[in-house]
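Student: I would like to learn how to read strands, crossovers and helix packing in a model. Can we work through one case?

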Amino acid sequence: MDSDNEKDIDVDSGSVADSDQSDMSFFDFDDNEEGNIVPDSENEQETDPIQDNGPLTFLSDKQKGLNIAYEDIVSVASGRHCYRHICNNFKAQFPGILLSNLFWRAAKSFDVAGHNATMTSIKDLNIEAWKYLDKIPKPTWRRYTFNTGLKCDHVTNNCTESFNAWIGELRGEPILTLVDGPRKKFMKKMHKRYQKGCMLTSAVTPKMVGKLQRIGQASRQCELTMVSDDVFEVGDMNRSYIVNLAAKSCDCGALQISGLPCKHAALGIISKRQKLESYCEHWFSRDMYLKIYASMIHPTPDEKM
Ligand SMILES: [Zn+2]
């Protein structure tokens with residue numbers, strides 16, 4: 001979980017929170033086998049993102065020098081810092097559950113209006129805390145600034161911790177064992193997931209099925225006004241949002257950034273008696289899942305052979 005108070009539904013945005021996004025990562029190494037991929041491009045063709053200067057994103061714990069390296073080698077790459085890491089630093093200087101909650105709300109807002117409203121609340125509460133956050137470069141911790149072409153709203157670096165936990169005691173082994181151990185684990189994992197993918201009956205991965213169900217349930221809190229078949233205005237709390245299904249956009253920003261219907265879009269889709277999964281980006285599809293895990297890691301002969 002990203003924060004103390006994080007729930008499945010990001011109330012402000014209408015999107016499902018990142019706790020689930022982390023679960024859908026390709027680097028989901030725990031026992032849950034319902035992983036998905038983190039897309040790095042709209043382009044389905046096989047490419048070398050570094051050579052092609054494709055839209056790579058580096059998500060780090062703010063290690064010094066890392067941004068200099070990737071900005072030099074991959075000039076178009078974007079950088080994100082782990083929100084949990086930023087939050088821990090923030091909490092160390094400005095303790096308190098309320099400020100922490102406001103931090104998460106501001107950081108994870110998919111739209112600038114929601115972000116600014118929360119930042120104003122922080123400013124009213126503690127001006128020094130506001131100054132601290134305001135100094136952090138925007139693209140690294142404000143989700144509304146994310147590249148909408150990536151279709152990934154992931155904001156924490158927990159895949160690293162997940163990987164470390166997954167390889168377990170192998171980390172302390174000599175280099176050859178350290179290399180060979182994960183190779184075998186990857187072989188097993190890839191094949192297991194491919195087999196699982198072959199048995200999927202839904203158009204999207206099981207994680208996404210669950211996520212879409214929760215989005216659909218959350219959409220019931222909203223009020224729909226149809227404007228045309230694809231355009232509608234949705235009231236949610238004290239705000240209204242314009243959804244354009246044909247353009248795959250909603251004023252809340254979640255649809256464009258995550259690649260999944262937000263609850264506002266979901267309300268319109270459901271009212272049209274269509275399936276939410278029909279409006280998910282192909283990155284979350286069963287076909288893409290299979291494509292990822294169809295690749296085989298070949299066995300290697302024993303060194304004594
Ligand atoms: Zn929306």
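Predicted model: local features only at pLDDT ≥ 70, side-chain atom pairs only at ≥ 80, totals over all residues.

Student: What does UniProt list for residues 241-273?

Tutor: The unreviewed UniProt entry gives these residues as "domain: SWIM-type".

Student: How do I read a sheet, and what is the strand order in the open sheet of 4 strands?

Tutor: In general, strands of a sheet pair through backbone hydrogen bonds, in parallel or antiparallel fashion. Here the order is β5-β6-β7-β8, and the pairing is antiparallel.

Student: Which strands stand at the edges?

Tutor: They are β5 (223-226) and β8 (249-250). Each has a single partner strand, so one side of each has no neighbour in the sheet. For β8, strand β7 (residues 239-244) pairs with it over 2 bridges in the antiparallel sense. Look at V243, whose bridge partner in β8 is C250.

Student: How many bridges join β3 to β4, and do the strands run parallel or antiparallel?

Tutor: Strands β3 (residues 57-60) and β4 (residues 78-81) run parallel, joined by 4 bridges. T57 stands opposite S78 in β4, and S60 has H81 of β4 as its bridge partner.

Student: Through which helix does the chain cross from β3 to β4?

Tutor: It passes through helix α2 (residues 66-73), and this β-α-β crossover is right-handed.

Student: Which residues meet where α3 contacts α4?

Tutor: From α3 there are Y83, C87, F90 and K91; from α4 there are S100, F103, W104 and A107. Sorted by class, the contact of α3 with α4 has 6 nonpolar, 1 polar and 1 charged residues.

How values were computed: Residues numbered from 1 in each chain as written. UniProt positions renumbered as here; feature names shortened; annotations may be inferred. Pairing = 2+ DSSP bridges. Right-handed = clockwise from strand over helix to strand, strands pointing away. Contact = placed C-beta atoms within 7 Å. Nonpolar A, V, L, I, M, F, W, Y, C, P; charged D, E, K, R; others polar.
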